[in-house]
Amino acid sequence: MIEYISHQNVQGVKRKTLEVNKIYNMDCLEGMKYIEDKSIDLVITDPPYKLVQGGCTNKAVTLKGATNLKSGNVFSDNSIKFSDWIPEVYRVLKENSHCYIMCNDRNLKELLIESENAGFKLLNILVWKKKRHSPNRYYLKNAEFIVFLRKGKAKNINNMGTFQCLEIDNVENKLHPSEKPVKLMEIFICNSSKSGDTVLDPFMGSGTVAISAINTGRKYIGFEINKEYYEVAKHRINQYINNNVQIHI
Ligand SMILES: C[S@@+](CC[C@H](N)C(=O)[O-])C[C@H]1O[C@@H](n2cnc3c(N)ncnc32)[C@H](O)[C@@H]1O
């Protein structure tokens with residue numbers, strides 16, 4: 001049961017909206033309908049996408065929670081297309097804001113095209129250099145890409161000494177098959193928002209972006225369609241808050 005709050009928008013129209021500092025167990029396409037235009041300061045997300053061809057579907061790369069690796073699908077909910085959700089993300093973002101979208105080489109071209117179609121401008125393609133790699137016959141995969149975009153006018157990142165290639169350890173003891181490091185998300189949050197801003201992640205998984213937002217004194221809002229992952233994320237966030245988090249910015 002989703003709790004909506006009644007809200008009067010700038011035109012004085014009464015609308016249902018969603019509370020911030022919450023994650024919602026729902027399809028992000030449905031959820032984002034309840035987010036006002038130009039109300040979000042930053043989007044950081046790691047959407048579902050197809051895995052790379054040329055990999056191996058043997059035991060060595062079998063992921064916990066994976067459903068259909070041979071078809072390239074990792075999650076049961078893997079069918080959403082970039083063209084379905086990127087325009088919505090663009091709509092809810094404020095003018096002159098940033099957006100970070102994680103992807104692999106197989107999906108990079110489509111992601112760039114759909115981002116541009118939605119109105120985004122490309123600022124950079126960042127690389128997460130992982131300490132571990134996955135097997136692949138066309139060079140071992142030890143990198144993931146982050147497409148760094150802007151809506152509206154260009155603005156600098158807060159720490160202009162940050163490198164394009166970010167070398168950060170993979171997550172040990174994952175709660176989710178494609179859980180990302182909190183440290184990586186914190187770099188993006190600190191560089192593209194300020195304290196008290198709201199960060200949206202439409203594909204929360206285990207809630208990594210929410211934890212990173214809490215750590216850095218930002219608000220968060222996010223969606224996760226899968227009930228099991230949603231419960232994992234909710235538990236992780238609650239446990240984190242109850243353990244008196246020390247904010248580090
Ligand atoms: C790549 S994972 C995100 C992992 C996350 N970065 C983490 O650190 O745990 C993508 C997630 O999007 C979810 N998902 C897929 N389609 C969705 C939709 N339409 N709305 C919301 N969540 C969706 C999947 O269930 C999956 O958990």
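This is a predicted model: local features need pLDDT of at least 70, side-chain atom pairs count only at pLDDT 80 or more; totals for chains, interfaces and linings use all residues.
Me: How many residues surround the ligand, and which are the closest?
Reply: The ligand is surrounded by 22 residues, of which Asp46, Phe203, Gly205, Ser206 and Thr208 are the closest.

Me: And how does that shell divide into nonpolar, polar and charged?
Reply: The shell has 10 nonpolar, 6 polar and 6 charged residues. Here Ala, Val, Leu, Ile, Met, Phe, Trp, Tyr, Cys and Pro count as nonpolar, Asp, Glu, Lys and Arg as charged, and the others, Gly among them, as polar.

Me: Turning to helices, at what angle do α2 and α3 pack?
Reply: Helix α2 (residues 82–92) and helix α3 (residues 105–118) pack at about 40 degrees, with axes 9 Å apart. The axes are lines fitted to C-alpha atoms over the stretch in contact, and angles run from 0 to 180 degrees between N-to-C directions. Helices are DSSP runs of H or I with at least four residues, numbered from the N terminus.

Me: Which residues of α2 meet α3?
Reply: Phe82, Ser83, Ile86, Pro87 and Tyr90 of α2 meet Glu110, Leu111, Glu114, Ser115 and Ala118 of α3, contact being C-beta atoms, placed from the backbone, within 7 Å. By class, this contact has 6 nonpolar, 2 polar and 2 charged residues.

Me: How much of the chain is buried?
Reply: Buried residues (20 or more other C-beta atoms within 10 Å of their own, all placed from the backbone) make up 34% of the 249 residues.

How values were computed:
Residues are numbered from 1 along each chain as its sequence is written. A residue is near a molecule or strand if its C-beta atom, placed from the backbone, lies within 6 Å of it. A residue is buried if 20 or more other C-beta atoms lie within 10 Å of its own, exposed if 12 or fewer, and partly exposed in between; C-beta atoms are placed from the backbone. Helices (H or I, at least four residues) and strands (E, at least two) are DSSP runs, numbered from the N terminus. Two residues are in contact if their C-beta atoms, placed from the backbone, lie within 7 Å.
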